[in-house]
Amino acid sequence: MSEQPSICHKCNEVIQLRIITALGKTWHPEHFVCKDCQCPITEASFNINDGQPVCSACFVSNYSGICHGCKRPILERTIKAMGETWHEECFLCRGPCMQQLAGSSFYEHDGLPYCRTDFEHMFAARCGNCKAPITENAIVALDAKWHRECFKCKKCKTPITASSFVVEDNQPLCKACSD
């Protein structure tokens with residue numbers, strides 16, 4: 001029993017010498033060409049678009065996205081975030097830590113991504129008492145924001161939970177201490 005001859009996918013003729021097998025088909029080397037520029041693909045690796053081979057140069061210029069971080073073409077895994085496309089290694093916190101954010105939650109400020117720690121340190125409102133970032137619900141009073149546990153009576157240091165209080169030297173006083 002003889003083996004079936006290989007037929008070129010492009011010209012439908014028998015392939016006698018060198019053969020390229022790619023995309024589940026066989027080709028004469030000169031017929032395995034880029035779908036865009038029609039030049040033979042001689043690289044060991046190639047790209048695919050719509051099921052057809054594309055050389056690296058055409059893929060970069062015609063199909064790859066441009067990384068928002070480094071402005072270079074993206075040829076591997078991409079991150080889609082904040083309406084932009086990024087290399088995994090370019091999607092970084094823009095705060096002091098500069099850690100990669102791929103696969104983790106992040107915060108956005110002025111179009112840039114930040115990890116939670118750097119975002120809170122750099123942009124979160126600060127408590128009127130302890131000056132730490134406020135990340136949960138806050139009390140807004142006396143032209144400031146306060147952690148619930150930090151909004152305390154100036155004299156007895158008890159947290160003020162009533163909706164009314166007295167102000168002395170721009171500091172809250174509970175009803176008991178103001179009498």
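## Domain layout

In this predicted model, the centres of domain 2 and domain 3, taken over C-alpha atoms, are separated by 39 Å. Domain 2 covers residues 78-123 and domain 3 covers residues 149-177. The division also includes domain 1, at residues 33-63.

## Annotated LIM spans

An unreviewed UniProt entry records the feature "domain: LIM zinc-binding" at residues 6-65 and 125-179. Residues 125-179 are 7% helix and 22% strand, with 33 Å between the end C-alpha atoms.

## Overall shape

The C-alpha trace of the chain spans about 110 × 35 × 20 Å along its principal axes. Its radius of gyration is 32 Å, whereas a compact globule of 179 residues would have a value near 16 Å.

Of the contacts in the chain with a separation of 6 or more, 11% join residues 24 or more positions apart.

## Burial and surface

Buried residues make up 30% of the 179 in the chain. The accessible surface amounts to about 11,700 Å², and carbon and sulfur atoms contribute 50% of that area.

## Secondary structure and confidence

The chain contains three helices and twelve strands. Its average pLDDT is 87, and 99% of the residues score at least 70. Confidence is highest in strand E8 (residues 112-114), at a mean of 93, and lowest in helix H3 (residues 175-178), at a mean of 80.

Technical notes: Residues are numbered from 1 along each chain as its sequence is written. This is a predicted model: local features need pLDDT of at least 70, side-chain atom pairs count only at pLDDT 80 or more; totals for chains, interfaces and linings use all residues. Side-chain values use heavy atoms; hydrogens and water are left out. UniProt positions are given in the numbering used here, feature names are shortened, and annotations may be inferred rather than shown by experiment. Helices (H or I, at least four residues) and strands (E, at least two) are DSSP runs, numbered from the N terminus. Domain bounds come from an automatic or database domain assignment. pLDDT is the predictor's confidence in each residue, from 0 to 100. The radius of gyration is taken over C-alpha atoms; the globule rule is 2.2 Å times the number of residues to the power 0.38. Buried means under 20% relative accessible area, exposed over 50%, partly exposed in between (1.4 Å probe, protein chains only). Contact means heavy atoms within 4.5 Å. Accessible areas come from the Shrake-Rupley method with a 1.4 Å probe; for residues, only the protein chains shown count as cover.
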